[in-house]
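Please read them with the structure open.

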Amino acid sequence: MATSSRWKEIDDNFCLCSVCLEQLKEPKLLPCLHRYCKDCLISMIQGTYDVIKCPECRQETRVPTNGVDGFKTDFYSKNLVEYVQIQQSLKSDEIRDCYSCSKRLRVAAYCFRCNDFLCKGCYDFHVTNKTLKDHQNHTLSLEDIEAKNITIGKLASMRDVPRCHTHPQKLSELFCETCGNLPICVACVYGEHKGHNLHEVRALAKLKRKQLTQKLKTLEAINKDKNVLAPRQAKEALMLNVNIEKEKLKKMHYWKDKKIMTKIQDTEGRRQQVEQEKQNTEKKIFDSLEIEMKHEIQGVKKKYEDIFRVKKLELHDTFKERESSLEKKLAKLRKQRERFENDKQELLESIEKQQNENMKIIENMSQHFDNIKKRFETLNVMASSILASDNDWSVVQCVPDMCTAATNLMEDLKKDFPELTTFTDVTVNYKQYSFGKPNITKISDQVTREIIHDPYCCVCSVTGSGEGNIAISGYRSDGQTSFIVVIDMTGRILNEKTVNTGNDWPARYCKFLSQHKVATLCEPDEIGLYDIRDGSYIKKNITDVISSWPKDRDVSCIATDPFNNHILVGGYYSRDVYAFDDQLNYLHILALPEIIRCPVDITVSDGHLLVCDYNEKNCYVTITDGLKSKLVGEFMKPNLRGNFFDPISVCTDNNGFVYMLWNAYKYGVRQCYLVQYNHDGSHLLATRKVDKDAAVVTVAETSQGEKLLVATCNTRTLYFYDLITEN
């Protein structure tokens, strides 16, 4: 099967598919403007259904109902085929009948008006006799071919006016635009083409030239605007990003490994100290007993021997227990280090997988733009040839197809690049390895003053910073105003902001993004950044930024990822989590596992997402894998009376321990419990009943250590608890 890349030079001006040249079959033109002979197309269609792919640019084309005959005839190539036939006949020494004198002579010219060959004498008469004046510009001589002064435009102008498709004995005088620029005679105007949109050829050719010229200008502008080197640049940027993140990973691994090795060395040193202490104690006791035995009489020697044996057994049992405890701790530390190494290997494999997927996307993008470039170059060559032609009939017949192809090419060029998953989307998934269990203890039931004095205000969210500041957000009693208030640990108001949203009961949520900036959401779809230093506030509507955000969806929760400096936004009854940067620029969508239906709170914990699901009444642990997250576990439900509790808020401390509020409202009675878990939720460590109006739990760092905060919704109260780490 031939492809349009198999070209054979004919002379300095023309080239043609070698198979078409040898078989001299009627050339056909695909919508992508790549030409094939009729036999080539028949071979392509065999074994396919109703769609074929162009071998040159891989563009798919639907096969017409009448098969190969339904494709457009390539008049440009057809003229070349005919020219080649005439050229070969004129250059050969073949003797044939002259059309004019009927003598068998070597032909020297071809008349397109007569549609036949002429000898030398008849050609001279043809171009000099006034009665054949209208044939002179339509005669091609051997001298013209040998001089190589024939262009596509000149060859097209030599061709005779096409015949009427209904009355072949008559020359065409008009074009019927209704029937696809079909050449017709005057008689057809009153026949089957009556009432159609008819054009005089020169006027229509002028219009089509103008349309094609404008299309080419637009196409050139779009082509310049698009950077076809973007895939290569994306590839280089990706490789650079991968190297940077690998270096970060190596550094993080070094410090984690150093921390664990330090603990192992300290424990080993303590074990050696115990062994030395054991030996010293034994020596002291044995020396003391030995001295006493020397001063005692021989009769009581047996008594001291018995005491010596008993003491030795007691010491052995005492130190054996301590040695066993230290051995268990060493074994635990070694297992933690082994888990750490396994997690590192999994992370490196995940990075490698993401890199390979991105490389495939970039290769596909490169191939796509190579195909676009080939189509653009083909269209440019053919359009330039047609525009240079003086044959208006050929222009009218070919230009509509070229305009259609140019329109399709412009649509393809306007398509945006596929969104790549950059390496920064691959989260470093290290679990916390804590050495001790923190317990929560209530500090004399400390309660703050009312921060908002409006008794009808509701608190929706609370977040703590690393400097002991606390941000509180919610809505006021007027039903259309939301607020953000920043206080210190004593309850003193540092800053506050009121925002009129124009919506009914606009719940507002907040999370600290940095020491001085609070990321905030407000129903239905507002996202903003509040600077606690000067009270400045910038915001956007998510529906104005993300076309895929449904108009009727409300935001439900917000989380911040300090490691990547990202803001994560969840919506009611949606598995999609939307990521923004610290300038509120939209980045990508992260799809949660299918089991999650309605997230009401999300927390980023050491590369994992902890998601409270209102619909499934459970809290899940997920890990990010590209633009999706997969389920790695779920939290153990507390064994509470009734077992109808919902998780409504979750947070973690610096040691990786998890704190969650479980809330229930049944038969007119509301209950709320604060539950503490280990870092992956597999063990429940403590359960404490709290204020039934509790709605939010968070952790704030202070100069005295971490504080656990529980905030109520309608009574606007904060409860403070110390987090004490026991070694």
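Predicted model: local features only at pLDDT ≥ 70, side-chain atom pairs only at ≥ 80, totals over all residues.

1. Residues are numbered from 1 along each chain as its sequence is written, and side-chain values use heavy atoms, with hydrogens and water left out.

2. A cis peptide bond runs from Glu523 to Pro524, with omega near 5 degrees. Pro524 sits in the loop joining strand E21 (517–522) to strand E22 (526–531). Helices (H or I, at least four residues) and strands (E, at least two) are DSSP runs, numbered from the N terminus.

3. Lys617 is not a glycine, yet its phi is positive, at about 55 degrees. The residue belongs to the loop between strand E29 (608–613) and strand E30 (618–625). Its relative accessibility is 34%, so Lys617 counts as partly exposed. Here buried means under 20% relative accessible area, exposed over 50%, and partly exposed in between (1.4 Å probe, protein chains only).

4. Arg716, also a residue other than glycine, has a positive phi near 55 degrees. Its loop lies between strand E37 (705–712) and strand E38 (718–726). Is Arg716 buried or exposed? With a relative accessible area of 8%, Arg716 is buried.

5. Thr702 is part of strand E36 (residues 694–702). Its relative accessible area is 16%, so Thr702 is buried. Leaving aside residues up to four places away in sequence, Thr702 touches Gly468, Met489 and Lys707, where contact means heavy atoms within 4.5 Å.

6. A nonpolar surface patch is formed by Tyr572, Tyr573 and Tyr614, which together have about 340 Å² of accessible area. Patches take residues with over 30% relative accessible area and no salt bridge, joining like charges within 9 Å and nonpolar side chains (Val, Leu, Ile, Met, Phe, Trp, Tyr) within 5 Å. A salt bridge is a side-chain nitrogen of Lys or Arg within 4 Å of a carboxyl oxygen of Asp or Glu. Areas come from the Shrake-Rupley method with a 1.4 Å probe, and for residues only the protein chains shown count as cover. Tyr572 is in the loop between strand E25 (566–571) and strand E26 (576–580), and is partly exposed at 30% relative accessible area.

7. In helix H2 (residues 38–45), the buried residues include Cys40, Leu41, Met44 and Ile45. These cover an arc of only 130 degrees around the axis, so they are on the same side of H2. The arc is that of the directions from the helix axis to the C-beta atoms.
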